[in-house]
Amino acid sequence: MNIILALLLFLGGSAAHHPQNGSDQAANFLNSAIHSAIANSQHEDVAASANGRTAKSDPQTDAPKVRGVYVTAYSAGGSRMSQLLDLVDQTDLNAMVIDIKDDAGYITYKTDNPELIKKGNPQPFIRDIHGLMDRLKQHDVYPIARVVVFKDTVLAKKRPDLSFVNQDGTVWKNGKGDSFVNPFSKEVWDYNVEIAKEAAKLGFKEIQFDYVRFPEGFEKRADSLKYVKNGKTRVETVADFVQYARKQLAPMGVRVSVDIFGYAASVPAAEGIGQDFNKISANVDVISPMVYPSHYTQGWFGAKDPDKEPYRTIKGSMTDTFKKLAPLADQKPIVRPWIQDFTASWLGSGHYIKYGKTQVEEQIRALKDMHIDEYLLWNATNRYSQGVQYK
């Protein structure tokens with residue numbers, strides 16, 4: 001599909017970053033990308049430098065092929081954790097992605113780290129973090145710490161100087177009431193890296209950074225908000241953060257992964273929010289594109305309603321992903337997509353189907369046919385379909 005036409009078609013739909021409800025984030029993302037498409041359609045993708053290395057060295061060479069589920073801090077610290085551990089014990093799943101810093105910016109366990117207490121607002125959602133890590137080890141679960149980076153209402157309220165401020169002096173919020181902190185700020189970088197380091201010390205094998213970007217539609221308000229800049233572009237700044245975080249965490253032997261919009265593999269870089277698929281991928285051990293079929297609009301990959309054709313949609317998204325990553329050669333990260341285990345009823349009658357065992361297995365089959373044997377399942381309530389064959 002012609003890339004400009006694809007972008008225009010996609011603007012008619014909606015998608016969410018991770019939540020299971022409708023949003024205008026996809027349209028905003030693609031508005032950003034469209035400007036890049038027009039300006040850069042004659043240029044090839046260029047990967048960021050990865051410290052001059054000719055090939056990546058995996059800090060976890062003995063890690064399993066990861067097949068995991070998302071787990072909120074509430075589930076991890078509550079009764080649902082027993083059910084989730086049973087699910088892993090009884091299936092071919094072997095990993096959990098657990099919120100350590102959540103979408104609001106809360107650190108989800110009690111910490112004695114003065115810097116984290118000063119900037120964050122630790123909450124005991126996970127009442128016994130050491131007990132949790134012991135349980136994960138007993139059940140042979142590969143533990144991944146999810147750290148939401150630049151979407152951080154907690155820090156924005158505490159430190160408006162690290163956020164984006166309106167002309168009247170108030171902290172900027174998006175339509176859902178969420179605030180972001182400034183990716184140009186080295187202090188923000190160090191705060192999130194410190195959280196990641198503590199997670200590594202607790203025993204997490206991998207740090208998964210999410211919301212590694214500017215707010216959606218940022219280019220429309222970049223000149224009206226007050227914030228500190230560092231002289232670099234948004235794309236350079238986001239890629240630099242990822243590279244910096246990986247360098248800082250390398251001595252601790254943990255992998256670094258990043259979540260990214262799935263359709264970022266199908267479009268040029270989104271200058272507005274600062275995400276370039278290849279520049280980010282060149283600087284991580286694992287890239288996790290969110291390729292939920294519900295997040296692609298009509299016509300993508302030849303599907304009238306992508307949500308109703310999970311196999312075709314996942315296969316198409318992975319085809320684009322491999323094409324996008326080809327210029328990286330030995331700098332390519334592990335590709336471990338997020339796939340859908342929820343029903344996207346917000347798409348409206350006739351445009352979605354109820355997701356369950358069959359639909360999850362169709363996505364896994366598509367990944368297998370594309371020679372991808374790692375994936376993560378998303379369900380915001382942590383209620384996963386029964387009877388799924390995960391191999």
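The structure is a predicted model, in which local features need pLDDT of at least 70 and side-chain atom pairs count only at pLDDT 80 or more, while totals for chains, interfaces and linings use all residues. Residues are numbered from 1 along each chain as its sequence is written, and side-chain values use heavy atoms, with hydrogens and water left out.

**Exercise 1.** Classify lysine 186 as buried, partly exposed or exposed, then characterise its salt bridge with aspartate 190.

*Solution.* Buried means under 20% relative accessible area, exposed over 50%, and partly exposed in between (1.4 Å probe, protein chains only). Lysine 186 has 42% relative accessibility and therefore counts as partly exposed. Aspartate 190, at 31%, is also partly exposed. A salt bridge requires a side-chain nitrogen of Lys or Arg within 4 Å of a carboxyl oxygen of Asp or Glu; here the closest N and O atoms are 2.9 Å apart. Helices are DSSP runs (H or I, at least four residues), as are strands (E, at least two), numbered from the N terminus.

**Exercise 2.** Determine which parts of the chain are linked by the salt bridge between lysine 101 and aspartate 152.

*Solution.* The N to O distance of this pair is 2.9 Å. Lysine 101 belongs to strand β2, whereas aspartate 152 lies in the loop between β3 (142-148) and α7 (153-158), 51 residues apart. Lysine 101 is buried at 0% relative accessibility, and aspartate 152 is buried with a relative accessible area of 0%.
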